[in-house]
Amino acid sequence: MDFWQIMEWAAWIISAVLFGWMFIDFLKVGREYSEAMLLSSREGIDELELFGEGKKKGH
Amino acid sequence: MAEQAAGQPQGQQINLLKVLGPTHVWALGVGIVLVGEFMGWNYAVGKGGAYGALIACWVIGLLYTCVAMIDSEITSTVAAAGGQYAQAKHTIGPLMAFNVGLYLVLAYTMLEAGDVLVAGQLVQIGAGELGHNVAFEPFTILCLMVLAWLNYRGVFMTLTVNFVITAAAFLTIIILFIGLEPWHPEAIMKHSELLTGLPYGWLGVIAAFHFGIWYYLGIEGTCQAAEEVRSPGRSLPLGTITGMITLAIAAGLTWYVSVGMLPWEYLGWDLTLAPLYDAARVSGSNFLHVALFVGTLFSAIASANGCINDAARAWFSMGRDRYLPLWFGAVHPRYRTPFRSILFLIPIAAVFALKVPLAQVITFSILSGLLNYTFMPINMFKFRRMWPLGSIRRGFQHPFHPFPAILLMSLCIITYFAVYLGYGRQLLAMMAFYIVASLWFHFYRYRFVRRGDQFTMAWPRPQGY
């Protein structure tokens with residue numbers, strides 16, 4: 001097995017690990033948090049304004 | 001990343017995190033586009049000759065300047081993820097918004113697939129030049145997964161990385177230009193020998209407009225960051241317009257260098273890799289050869305990174321409004337990203353990257369982009385009529401209205417004709433796809449949409465309503 005074959009295998013393995021990490025995290029988040037909370041984002045809500053940070057920074 | 005992790009949810013509501021500044025907006029816009037200078041634009045030379053490609057660069061540059069100005073005004077006011085989708089919802093209505101959302105998702109997902117495919121093929125070519133045979137597939141998938149992971153973990157780091165690699169790729173174009181000694185005409189670059197007239201006349205020039213889009217395709221993607229920038233009124237116009245200036249410089253340098261190094265007959269049908277890289281290769285300089293290989297690779301990675309970001313935001317916004325299943329509208333409680341949308345679009349991009357020919361993928365992306373640009377002038381007219389100047393606070397007011405909108409519409413019509421000349425069947429097939437999707441939305445999906453929730457901006461009632 002030469003260097004480039006090892007690189008090919010390494011690329012597949014790293015890809016699988018990263019996808020696996022994201023997938024496990026996705027499942028964990030689904031278990032640990034309620035759907036209502038995960039879906040609570042609202043368009044047009046400006047958190048910086050909401051908590052006064054925007055004013056402090058002069059926005 | 002520390003800043004991202006610190007962004008813990010406040011109470012029971014979690015929104016996307018507002019952490020971006022003008023440099024991130026620049027990195028998003030230029031990052032998506034810059035790959036078009038390294039490859040793709042050169043097919044305009046095949047249609048209209050070297051001068052035809054230059055005329056396309058100017059005319060399409062004008063089209064995108066109008067896009068950037070219109071986008072800067074509306075997005076700095078409708079500061080919501082989804083960009084033009086959210087704008088369409090406010091100015092025209094649900095069916096238009098659904099279509100615009102689809103244009104965005106398809107344009108960015110297809111471009112992302114093309115980018116990661118190119119990144120994998122570049123590794124294959126690089127290894128080939130060192131005398132080794134490798135498959136491109138593992139590197140294509142690796143590129144996709146690393147970028148998806150970065151996007152999943154947070155927008156701040158994603159676009160900071162994009163800033164670094166985009167700036168490095170832009171720098172390689174400047175290095176190539178300087179390395180070819182433009183102050184010594186005809187020493188390395190041979191413009192007087194290589195430049196010819198218009199080989200296919202003015203019809204060829206119009207046909208070149210289709211590929212002239214490559215010089216700038218995706219700059220409108222800056223709008224997708226609207227909900228995550230700290231100061232939309234300042235950052236979005238600043239990032240978008242400086243991005244457009246950067247691209248105009250890069251496009252000019254790219255054309256000048258490429259047509260001075262390669263004959264137009266080769267440049268127009270350069271199927272092997274990319275004209276800037278080839279220009280560096282024929283220069284005989286090992287340094288330029290390596291620098292442009294790295295620049296081309298970085299540009300493809302930066303583009304894919306920005307596309308993952310934008311496609312996921314558009315998909316997320318449509319989910320949040322129930323245009324698609326609400327499930328997609330979830331925000332990660334720790335990283336504050338649209339994590340389900342990011343994850344869902346990964347396999348789709350992977351299948352397109354590995355199974356569909358690059359030219360088809362890219363044509364689909366260009367056509368979806370063009371449909372989006374056609375929507376923009378209509379959007380602008382409606383926006384100014386419904387909320388005239390002075391009725392709401394705008395982050396930016398673009399000058400000379402309605403001329404940019406009229407010009408943009410006219411240029412879009414000419415570009416449709418150009419696309420029809422080369423890709424008539426694909427254009428018609430895609431129109432049929434959007435008609436079928438619209439029927440599905442109208443007769444089935446719209447019943448799930450909460451009509452009262454559509455209008456989210458704290459503005460006065462529009463004029464005439």
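Student: How many helices and strands does chain A have, and what counts as a helix here?

Tutor: Chain A has 4 helices and 0 strands, a helix being a DSSP run of H or I of at least four residues and a strand a run of E of at least two, each numbered from the N terminus. Read from the N terminus, the elements of chain A run α-α-α-α. This is a predicted model, in which local features need pLDDT of at least 70 and side-chain atom pairs count only at pLDDT 80 or more, while totals for chains, interfaces and linings use all residues. Residues are numbered from 1 along each chain as its sequence is written, and chains are lettered from A and ligands numbered from 1 in the order in which they are written.

Student: What makes a residue of chain A count as buried, and what percentage of chain A does?

Tutor: A residue is buried if 20 or more other C-beta atoms, placed from the backbone, lie within 10 Å of its own, exposed if 12 or fewer do, and partly exposed in between. By that count, 15% of the 59 residues of chain A are buried.

Student: How do you know which residues of chain A are in contact with chain B?

Tutor: Two residues are in contact if their C-beta atoms, placed from the backbone, lie within 7 Å, and on this basis 25 residues of chain A are in contact with 35 residues of chain B. On the side of chain A that touches chain B, the elements giving two or more residues are α1 (3–32), α2 (35–38) and α3 (47–50) of chain A, and α1(A) gives the most, with 12 residues. That side of chain A divides into 16 nonpolar, 5 polar and 4 charged residues, where Ala, Val, Leu, Ile, Met, Phe, Trp, Tyr, Cys and Pro count as nonpolar, Asp, Glu, Lys and Arg as charged, and the others, Gly among them, as polar.

Student: Why are α2(B) and α8(B) called oblique to each other?

Tutor: Helix α2 (residues 22–33) and helix α8 (residues 155–179) of chain B pack at an angle of about 60°, with their axes 8 Å apart; axes are lines fitted to C-alpha atoms, for helices over the stretch in contact, and angles run from 0 to 180 degrees between N-to-C directions. Angles under 35 degrees count as roughly parallel, over 145 as roughly antiparallel, 65 to 115 as roughly perpendicular and the rest as oblique, and α2(B) and α8(B) are therefore oblique. The contact between them is made by T23(B), H24(B), A27(B), L28(B), V30(B) and G31(B) of α2(B) with L159(B), N162(B), F163(B) and T166(B) of α8(B); by class, it has 5 nonpolar, 5 polar and no charged residues.

Student: What makes α6(B) oblique to α7(B)?

Tutor: The axes of α6(B) and helix α7 (residues 137–153) of chain B come within 7 Å and cross at roughly 135°, and that angle makes the pair oblique. The contact is made by V116(B), L117(B), A119(B), G120(B) and V123(B) of α6(B) and E137(B), F139(B), T140(B), C143(B) and L144(B) of α7(B), which divide into 7 nonpolar, 2 polar and 1 charged.

Student: Which residues touch the most other members of the largest nonpolar core?

Tutor: They are A119(B) and L144(B), in a core of 176 residues, where a nonpolar core is a set of buried Ala, Val, Leu, Ile, Met, Phe, Trp, Tyr and Cys residues joined through C-beta atoms within 7 Å. Helix α6 (residues 94–129) of chain B supplies the largest share of this core, 20 residues. Not counting residues up to four places away in sequence, L144(B) touches V116(B), I346(B), A349(B), A350(B) and A353(B).

Student: Why is helix α13 of chain B called mostly covered?

Tutor: In α13(B) (residues 275–282), 6 of the 8 residues are buried, namely P275(B), L276(B), Y277(B), D278(B), A279(B) and A280(B). Just after α13(B), G284(B) takes a positive phi of about 85°.

Student: Is E181(B) exposed or buried, and what of R322(B)?

Tutor: E181(B) is exposed, with 12 other C-beta atoms within 10 Å, whereas R322(B), with 18 C-beta neighbours inside 10 Å, counts as partly exposed. Although E181(B) is not a glycine, its phi is positive, at about 50°; R322(B), likewise a residue other than glycine, has a positive phi near 70°. E181(B) lies in the loop between α8 and α9 (191–194) of chain B, and R322(B) in the loop between α14 and α15 (339–355) of chain B.
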